[in-house]
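I am opening a new page in my notebook. I want to look up how this chain is built, one topic at a time.

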Amino acid sequence: MKHKGSYMQFARERIADLMRAYRECIARSDRICMPEIYECIVNMPTTRFWVSEIRAALVVAAAMRGEPCLDGMWPLKREMYQEIMARCHRLRLQHPELSIAQSCALVVQQPAPKFYLTPGSAKMMICKARRTWKVERLKR
């Protein structure tokens, strides 16, 4: 049950970060063109890499062993893991005592250059969050 709770917290934090980016993109825009807003959102810096420490460590370890684990991934996901691997490599050069899991745990908590989502995925997540927020507001 703890695992589910941590996943739910992770999902809430990610949507909060997406909504922050949404508000910032809307505030910056002279005119509201939603496809442009969603494009802006996904390319904004984010508070962290939105992948679990465990998943990042599994992918980075497999890639370091030479497994073709990145080959079948969507381009944005592959780009995210490549950035995580590059940061892990730099971190482990500075701190060779760190394991892959430890370095991944530190790296995924760092700010990321973007969300690594498609505009369509961001739209779906934001629309769902806004619907949920409206329903909750009506209950009160």
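**Entry 1: the chain as a whole**

I started with terms. A helix here is a DSSP run (H or I) of at least four residues, and a strand is a run (E) of at least two. I also noted that I am working with a predicted model.

Then I looked up the secondary structure. The chain comes to 6 helices and 0 strands. Along the sequence I read the pattern α-α-α-α-α-α. I looked up the extent next. Taken along the principal axes, the C-alpha atoms fill a box of roughly 50 × 40 × 30 Å.

**Entry 2: the disulfide**

How many disulfides does a search of the whole structure find? I found 1. The disulfide joins C25 to C40, with the two S atoms 2.2 Å apart. For C25 and C40 it is -80°, and the link is left-handed.

Where do the two cysteines lie? C25 lies in helix α1 and C40 lies in helix α2, so the pair ties together parts that are 15 residues apart in sequence.

I turned to a pair of helices. Two packed helices are described by the angle between their axes and by the distance between the axes. I looked up both values.

Helix α2 covers residues 34-42, and helix α6 covers residues 119-139. They pack at an angle of about 100°, and their axes are 9 Å apart. Angles of 65 to 115 degrees count as roughly perpendicular. Therefore α2 is roughly perpendicular to α6.

Which residues make the contact? From α2 I listed Y38, E39, I41 and V42. From α6 I listed P119, A122, K123, I126 and C127. I sorted this contact by class. It has 7 nonpolar residues, 2 charged residues and no polar ones.

**Entry 3: the largest pocket**

I moved on to open space. The largest pocket holds about 810 Å³. I counted 28 residues in its lining. Closest to the centre are F10, R14, W50, V51 and S52.

Which helices each supply at least two residues of this lining? I noted α1 (2-28), α3 (53-64) and α4 (75-94). Helix α1 gives the most, with 8 residues. By class, I wrote down 15 nonpolar, 7 polar and 6 charged residues for the lining of the largest pocket.

**Entry 4: the second largest pocket**

The second largest pocket holds about 510 Å³. Its lining has 15 residues. Nearest its centre lie A11, R12, I15, M125 and A129.

Here α1 and α6 each supply at least two lining residues. Which helix gives the largest share? I found α1, with 8 residues. By class, the lining of the second largest pocket has 8 nonpolar, 1 polar and 6 charged residues.

**Entry 5: looking back**

Methods. Residues numbered from 1 in each chain as written. Predicted model: local features only at pLDDT ≥ 70, side-chain atom pairs only at ≥ 80, totals over all residues. Heavy atoms only, no water. Axes fitted to C-alpha atoms, helices over the stretch in contact; angles between N-to-C directions. Parallel < 35°, antiparallel > 145°, perpendicular 65-115°, else oblique. Contact = heavy atoms within 4.5 Å. Nonpolar A, V, L, I, M, F, W, Y, C, P; charged D, E, K, R; others polar. 1 Å grid on protein atoms, 1.4 Å probe; cavity = no way out; pocket = protein on both sides within 12 Å on 5 of 7 lines; lining within 4 Å. Points joined across faces, edges and corners; volume = space filled by probe spheres on them. Disulfide = S-S within 2.5 Å.
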